[in-house]
Amino acid sequence: MTKMGADGARSSRLRVVLAASIGSALEWYDFFLYGTAAALVFGDLFFPKNDPVVGTLLAFLTFGVGFAVRPIGGIIFGILGDRYGRKPVLVATLLMIGLGTTLIGVLPTYSQIGVWAPILLVAMRIVQGLGAGAEYGGAVIYLVENAPARHRGFWGGFAPLGVSVGNLLAAAAFALVSMLPHDALMSWGWRLPFLASFVLILVGIYVRLRLSETPVYTDAVVARGIVEKNPAMEALRRHPRNFLVVLGARMAENGLGYFFPVFGLSYVIKTLGVPNSEALSALMLAFTIELFAILGFAALSDRIGRRPVYMFGALAGVALAFILARAVVTAAMFGPQAAYFAELFPPQRRFAGFAFARELGSLLSGGPAPFVATALVAAYGTWWPVACYAIFLSLCTVVAIWIGPETYQNDITAAEPDRRDELPAAIPQRA
């Protein structure tokens with residue numbers, strides 16, 4: 001390859017990584033921003049002030065609404081992504097989450113319009129959730145389908161890296177506005193991080209519009225004429241075990257992932273009395289460590305397989321549940337997850353199968369996690385039931401990974417997964 005050709009290839013790879021990871025970071029900045037606001041201010045701003053605990057529970061309940069519609073978004077946009085390509089869906093989901101987030105920044109509060117305030121808040125959360133239902137899956141698939149065969153885990157890791165960056169940005173934004181006097185924060189300061197998302201979304205749209213379609217989709221789906229009418233149902237019908245593996249693998253990763261930045265933030269501030277700035281600084285430190293851990297675990301999965309790395313994260317979730325060590329536990333699962341989930345489905349139903357199964361797992365784990373954790377603390381007056389709940393989620397993931405296939409050496413252009421992967425994992429597989 002000539003020097004010019006090599007430079008062009010490197011530039012193309014860099015553009016792919018930036019488009020997926022930056023776009024994912026911007027989208028998840030928006031999505032996690034809501035979680036941070038729900039933990040800190042939404043209970044007082046959008047719900048009656050009769051009982052602070054009830055206000056927090058209601059705020060977390062609206063947080064869960066976004067998860068309730070994510071499987072719907074996963075099905076709709078997943079089907080579109082398998083039928084019309086990855087790129088247009090990546091642009092559409094970015095616009096939806098950006099619009100929902102920006103409009104939250106201009107909503108009137110409960111004191112201004114009464115019950116319409118939480119209704120409008122829920123409506124914007126639904127818009128966010130529909131877009132988020134396919135955003136992450138689209139970013140992952142775009143990375144994995146452009147990646148060298150032996151480095152799909154590492155490349156795929158840039159999508160969860162983007163999620164952690166979005167988390168970090170959301171926490172940093174609220175750390176900054178939390179420095180305002182309390183009255184200023186509650187009257188107008190909380191709106192600034194939401195309004196800032198409009199500028200960030202413009203950057204993401206600019207980057208993603210410059211993308212081309214993935215070579216796997218172009219060569220393995222379009223050129224071979226295997227576009228399916230309903231790839232979501234085909235994924236469920238033809239690959240039920242892989243579908244359930246994705247569902248179960250999400251329980252610990254997603255559930256524990258939302259314990260820390262949402263419930264944990266609310267708990268240490270409102271129950272333990274830790275100042276906002278200190279709690280947010282600790283959260284940002286955890287996210288910063290996680291940035292490096294995600295890529296490290298993702299790269300490790302290219303060498304030893306997806307299942308061993310994921311299993312380590314799930315078992316660590318059991319062992320460390322009473323410590324709630326986010327960076328190690330979630331990163332060990334989140335890092336290899338991107339490539340693993342993409343490799344579980346063939347190209348003609350990869351987007352729909354990935355997004356539908358993954359977001360159904362989100363509905364069962366991450367969505368209710370802050371609400372359940374807050375309710376457990378309110379009922380028992382202590383944190384240990386939350387740790388027990390974390391152990392339960394981790395054990396669900398241990399079982400899912402145990403029965404799941406290994407995929408890191410699979411051909412992702414094949415119209416069907418390796419038939420060996422359809423055998424129960426406990427049965428020895430012949431070469």
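A residue is called buried here when its relative accessible area is under 20%, and phenylalanine 42, at 0%, therefore counts as buried. The structure under discussion is a predicted model, and the values below are to be read with that in mind.

**Overall make-up**

The secondary structure of the protein comes to 19 helices and zero strands. Of its 431 residues, 58% count as buried. Where contacts between residues at least 6 apart in sequence are considered, 84% of them join residues at least 24 apart.

**Aromatic pairs**

The structure holds 16 aromatic pairs. In one of them, tyrosine 34 and phenylalanine 42 have ring centres 5.2 Å apart and planes at 70°, so the pair is edge-to-face, given that planes over 60 degrees apart are classed in that way. Tyrosine 34 has a relative accessible area of 0% and is buried, and phenylalanine 42 likewise counts as buried at 0% relative accessibility. Phenylalanine 154 and phenylalanine 158 also form an edge-to-face pair, with 5.3 Å from centre to centre and 80° between the planes. Of the two partners, phenylalanine 154 is partly exposed, with a relative accessible area of 31%, whereas phenylalanine 158, at 16% relative accessibility, falls under the 20% limit and so counts as buried. Elsewhere, ring pairs link Tyr136, Tyr310, Phe334, Tyr340, Phe341 and Phe354 into a cluster.

**Helix 4**

Helix 4 runs over residues 86-104, and its 19 residues should span 27 Å at 1.5 Å a residue; the end C-alpha atoms are 28 Å apart, which agrees with that expectation. Leucine 103, which lies in helix 4, is partly exposed, with a relative accessible area of 34%. The C-alpha atom of leucine 103 is separated by 7.2 Å from that of methionine 124, a residue 21 places away along the chain.

**Packing of helix 12 and helix 17**

Helix 12 (residues 231-238) and helix 17 (residues 350-364) pack with their axes 8 Å apart and at an angle of about 75°. The two helices are therefore roughly perpendicular to each other, since angles from 65 to 115 degrees are placed in that class. Helix 12 contributes Pro231, Ala232, Met233 and Ala235 to the contact, while helix 17 contributes Ala352, Gly353 and Phe356.

Leaving aside neighbours within four places in sequence, alanine 373 is in contact with Phe259, Phe263 and Val386. Alanine 387 lies in helix 19 (residues 384-403) and counts as buried at 2% relative accessibility.

Note on methods
Residues numbered from 1 in each chain as written. Predicted model: local features only at pLDDT ≥ 70, side-chain atom pairs only at ≥ 80, totals over all residues. Heavy atoms only, no water. Helix = DSSP H or I, 4+ residues; strand = E, 2+ residues; numbered from the N terminus. Expected span 1.5 Å × (residues − 1). Axes fitted to C-alpha atoms, helices over the stretch in contact; angles between N-to-C directions. Parallel < 35°, antiparallel > 145°, perpendicular 65-115°, else oblique. Contact = heavy atoms within 4.5 Å. Phe/Tyr/Trp six-rings, centres within 6.5 Å; stacked < 30°, edge-to-face > 60°. Buried < 20%, exposed > 50% of the residue type's maximum accessible area, 1.4 Å probe, protein only.
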